[in-house]
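Welcome! Let us look at a structure together and learn how to read some of its features.

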Amino acid sequence: MIHKISVFYILGVLMLCICHAAQSNPSPKPIDMLQVQIGKPFPYTAAFPGASDSMASQLGFYTFNAPNSSNSKLPFVDYQVAINNSTHAVYYVRGTRQYSEMNGCLESLRIVSNLLAPLYGTSVKDINSSTLMRKSSDTLIEAMCSYKGLSPYVELSLNIQSESQYKEIDNNINRKYAR
């Protein structure tokens with residue numbers, strides 16, 4: 001009986017320590033997806049920077065979801081952020097949203113395209129009316145409306161990626177797993 005109480009006591013103290021550590025960091029504010037600087041550090045550090053993730057160490061980057069700013073003009077409520085393990089820079093940001101019909105998705109794609117133009121406005125390639133690709137210095141932008149798998153819904157997806165971070169991660173993985 002005493003052993004069970006000791007275990008619960010230790011678990012309780014451990015939980016208090018974890019909660020205190022999480023509260024000691026200032027709460028991050030939502031950031032507009034377009035304000036995240038690709039190839040630069042994310043404005044907020046990890047809540048538990050010493051934690052390990054075996055998948056992240058194998059891939060060379062880790063991901064988390066971030067809330068989009070409520071006054072963002074982008075149609076995403078949240079988005080995924082990937083951080084390069086070695087440089088601690090943003091590797092990519094990705095947003096997705098589902099629509100019940102293609103026309104609604106295409107209208108949002110046009111809005112996304114217009115918002116991206118002043119930020120990454122070089123060499124636009126429209127493969128067709130539902131796909132947009134842009135390359136601007138180190139940044140690759142892909143946005144599209146498409147059906148995924150067996151879903152009845154159309155998905156708008158936006159990916160903004162650092163090419164140099166991609167190459168660094170790829171080189172690190174090749175060195176790590178070279179045969």
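Q: What should I know about the model and its numbering before I start?

A: This is a predicted model, in which local features need pLDDT of at least 70 and side-chain atom pairs count only at pLDDT 80 or more, while totals for chains, interfaces and linings use all residues. Residues are numbered from 1 along each chain as its sequence is written, and side-chain values use heavy atoms, with hydrogens and water left out.

Q: How many disulfides does the structure hold?

A: A disulfide is a pair of cysteine sulfur atoms within 2.5 Å. The structure holds one, and it joins Cys105 to Cys145 with an S to S distance of 2.2 Å. The link of Cys105 and Cys145 is left-handed, with -100 degrees about the S-S bond.

Q: Which parts does the pair tie together?

A: Helices (H or I, at least four residues) and strands (E, at least two) are DSSP runs, numbered from the N terminus. Cys105 lies in helix 3 (residues 102-120) and Cys145 in strand 6 (residues 139-147), so the pair ties together parts that are 40 residues apart in sequence.

Q: Is Cys145 buried or exposed?

A: Buried means under 20% relative accessible area, exposed over 50%, and partly exposed in between (1.4 Å probe, protein chains only). Cys145 counts as buried because its relative accessibility is 5%. Cys105 is also buried, at 0%.

Q: Which residues touch the most other members of the largest nonpolar core?

A: A nonpolar core is a set of buried Ala, Val, Leu, Ile, Met, Phe, Trp, Tyr and Cys residues joined through side-chain atoms within 4.5 Å. Here the largest one has 30 residues, and Val93, Leu158 and Ile160 touch the most other members. The elements giving two or more residues to this core are strand 2 (78-84), strand 3 (90-99), helix 3, strand 6 and strand 7 (154-162). Helix 3 gives the largest share, seven residues. Apart from this core lies another, of five residues, including Phe61 and Ile169.

Q: Which residues is Val93 in contact with?

A: Contact means heavy atoms within 4.5 Å. Leaving aside neighbours within four places in sequence, the partners of Val93 include Met33, Val81, Leu158 and Asn159.

Q: Where are Val81 and Asn159 found?

A: Val81 has its place in strand 2 and is buried, with a relative accessible area of 0%. Its C-alpha atom is separated by 6.1 Å from that of Asn65, 16 residues apart along the chain. Asn159 is in strand 7 and is buried at 9%. Beyond four places in sequence, Asn159 is in contact with residues including Tyr92, Arg94 and Leu140.

Q: Which residues other than glycine have a positive phi here?

A: Most residues other than glycine have a negative phi, and most peptide bonds are trans. His88 has a positive phi of about 60 degrees and lies in the loop between strand 2 and strand 3. Ser137 has a positive phi of about 45 degrees. Ser137 lies in the loop between strand 5 (131-136) and strand 6, and is exposed, with a relative accessible area of 68%.
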